[in-house]
Each structure stands twice: as C-alpha cells, then as structure tokens.
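Could you give me a friendly briefing on this structure? I am new to it and would like the main points grouped by topic.

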Amino acid sequence: MKSDLLSMVNHELRTPLTSIITLAQIALESGGADAEERRSWEEVRKSSSVLLGMINDMLDIARSDAGAMAVSMELMDLGDIVASAQGTIGPLAVGARVTLTTTVAPDVPLVSGDYEKMLRILENLGSNAVKFTPAGGTVAIAAVREEATGDVLVTVSDNGIGIAPENQERIFERFFQVDSSATRIYSGSGLGLALVREYAVAQGYTVTVESVLGEGSAFTVRIPVAAVVELDEDE
Ligand code: ADP
C-alpha cells in the first residue's frame, strides 16, 4: 500500500505542479504582462517550485523508509556533477543576488558512487547555502583531493547566517529547523539535510559541517580513498 501511495503522490502531485511551473515560466517569458501581473506569475512560479522541492524530499524520505532506496555504484566524474548542480543552483543564486563559484581541482580523480544521489546532495547543500546567505554574499562549491589521506572532499561553503554550535548536529535530523516559528522567513521542509546524510551514508561517504554563527557555514562530503577509481595510465 505504501508503494501505491508513493506512486500516486509521485504522479498525481508532481505532474500538475510541473505544468503550473512551466506555464508560469511561459507567461513570464512571453513578456506581455504588466509589472503587477509579472510579480504574480513570479510568485506562482516560486511557490510551486518550493512545493515541488518539498514533495521530492518527502518522496525520497518515504522511499528510504520503505527500503526502496536503491543505490547504484557507478564511475562518476565530479566535474560533471558539479557542473550539473551549478545549472540548478545558478538561477537560485541570481534570484537571491548571491555569487556562486565552482571549482574542481585538476587532480580530483574519478570516484565510484551514485550520480543521481550525489547530484541531489550538492543541489540540497547548494540551495540551502543560497537560501541562508543574504544578498551580496558568496557560495562556493569546491572539489579537492586531500593529500594526506587521498580522500576526495566536496565542500559547499557560504558566508551567510551560520549555525550555532548546539544546532550543528541537530540540523541533520528530520524536520529540524533552527527557526521553526510560523513567522520564519525561510521556507523549507526540514528534510533536506536528513536526506543529504542518508544519501551520503548509502554511498559510504560522510557529511560534516563547520560553521560560525553570523559568519558562514561549510558542509563537506568526504569520499573515502576506497571509492577513488585510479585509471591505469596505459589504458
Ligand atoms: P530546510 O528545508 O529547512 O532547509 P534542511 O534539512 O535542509 O531543511 O536544513 C535544516 C536547517 O538547517 C535549516 O532550516 C537551517 O536552519 C539550517 N541550515 C541548513 N543549511 C544552512 C546554511 N547553509 N546556513 C545556515 N543554516 C543552515
């Protein structure tokens, strides 16, 4: 029954929402509307995108609880994944007037993991970073190889509002939000980071945070050297 419910939610909620978002986008791009109408369409697009994000998170959580979270370990190029995440987060950053930078060091090797899940991890961390960084701030996504261990570290950092020490572990719990009041200014389900951690663990990776309140946060995904795929130079 659980899986029927999942596929119902998947189809019956996501399909109409996707049409709403697309039509709002078309209305905005047609350029015919006056300023006030445009603001309304912008609001329709934004609210339905937030809703779609929440439904996606809920579906992922439900899938994972139903034991239906399949992980495929395939050869991944982090350069591709970072570029793809930039495609999703870039427009959010532009809208929030936050600068987004991405770098992948040339010595970052191919790794073994689940492309879709790694992408969702970076999209969730990146959209949080943009959401919790005031206009004029900066968000950086960077992949490097740690010399001492050979591990690969993918870090999403921001110079936004930061997280108090007592909340730095709790934010990974389901539904936990630092500000959960009805008057809070940031929308969200409180499921994003719980999923990020589940996805990371499912692939044998870890996720940690370092943050200073009022200065910013850095979330690091550690891909262990065991997942590094060294290609033979001669092949
Ligand atoms: P939400 O849907 O609320 O963003 P998440 O699970 O993604 O849920 O995050 C949980 C909480 O962690 C957020 O509500 C916020 O309080 C805090 N948080 C997450 N990322 C950041 C960040 N980059 N800077 C400051 N706070 C953050």
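This is a predicted model: local features need pLDDT of at least 70, side-chain atom pairs count only at pLDDT 80 or more; totals for chains, interfaces and linings use all residues.

Residues are numbered from 1 along each chain as its sequence is written, and side-chain values use heavy atoms, with hydrogens and water left out. The chain is divided into domain 1 (2–65) and domain 2 (74–229), with bounds that come from an automatic or database domain assignment. Helices (H or I, at least four residues) and strands (E, at least two) are DSSP runs, numbered from the N terminus.

**The two domains**

- The C-alpha centres of domain 1 and domain 2 lie 23 Å apart.
- Nine residues of domain 1 are in contact with 11 residues of domain 2, where contact means heavy atoms within 4.5 Å.
- About 800 Å² is buried between the two domains, with 53% of it on carbon and sulfur atoms; buried area is the accessible area (1.4 Å probe) that two parts lose on being put together, summed over both.
- D57, D60 and I61 provide 58% of the area that domain 1 buries against domain 2, more than any other three residues.

**Helix 2**

- Helix 2 covers residues 35–65, and its 31 residues should span 45 Å at 1.5 Å a residue; the end C-alpha atoms are 45 Å apart, which agrees. The expected span is 1.5 Å times one less than the number of residues.
- Its buried residues are S48, L52, I55, N56, D57, L59, D60, I61 and S64. Here buried means under 20% relative accessible area, exposed over 50%, and partly exposed in between (1.4 Å probe, protein chains only).
- Just after helix 2 comes G67, with a positive phi of about 70 degrees.

- Five strands make an open sheet in the order 2-4-5-7-6, with mixed pairing; two strands pair if DSSP finds at least two bridges between them.
- At its edges are strand 2 (99–104) and strand 6 (206–212), each pairing on one side only.
- From one strand to the next, the twist averages 15 degrees.
- Strand 2 and strand 4 are parallel, paired over six bridges, and T99 stands opposite T138 in strand 4.
- Strand 4 and strand 5 run antiparallel and are joined by seven bridges; A142 has T155 in strand 5 as its bridge partner.
- These two strands form a hairpin with six residues between them, and G150 in the turn has a positive phi of about 85 degrees.
- Strand 5 (residues 152–158) also pairs with strand 7 (residues 216–223), in the antiparallel sense over seven bridges, with V154 opposite V221 in strand 7.
- Helix 4 (residues 115–131) lies across strand 4 (138–145), strand 5 and strand 7, and runs at about 25 degrees to strand 5. Axes are lines fitted to C-alpha atoms, for helices over the stretch in contact, and angles run from 0 to 180 degrees between N-to-C directions.

- An open sheet of three strands has the order 1-3-8 and antiparallel pairing.
- Strand 1 (74–76) and strand 8 (228–229) stand at the edges with a single partner strand each, so one side of each is left without a neighbour in the sheet.
- Strand 1 and strand 3 (residues 110–113) run antiparallel and are joined by three bridges; M76 has V111 in strand 3 as its bridge partner.

**Residues in the loops**

- Most residues other than glycine have a negative phi.
- R97, in the loop between helix 3 (78–96) and strand 2, has a positive phi near 50 degrees. R97 is exposed, with a relative accessible area of 62%.
- F175, in the loop between strand 5 and helix 5, has a positive phi near 70 degrees. At 58% relative accessibility, F175 is exposed.
- Q177 lies in the loop between strand 5 and helix 5 (192–202) and counts as buried at 19% relative accessibility. Leaving aside neighbours within four places in sequence, Q177 is in contact with R184, G188, S189 and G190.
- N167 is found in the loop between strand 5 and helix 5 and is buried, with a relative accessible area of 15%. Beyond its neighbours within four places in sequence, N167 is in contact with F176 and V178.
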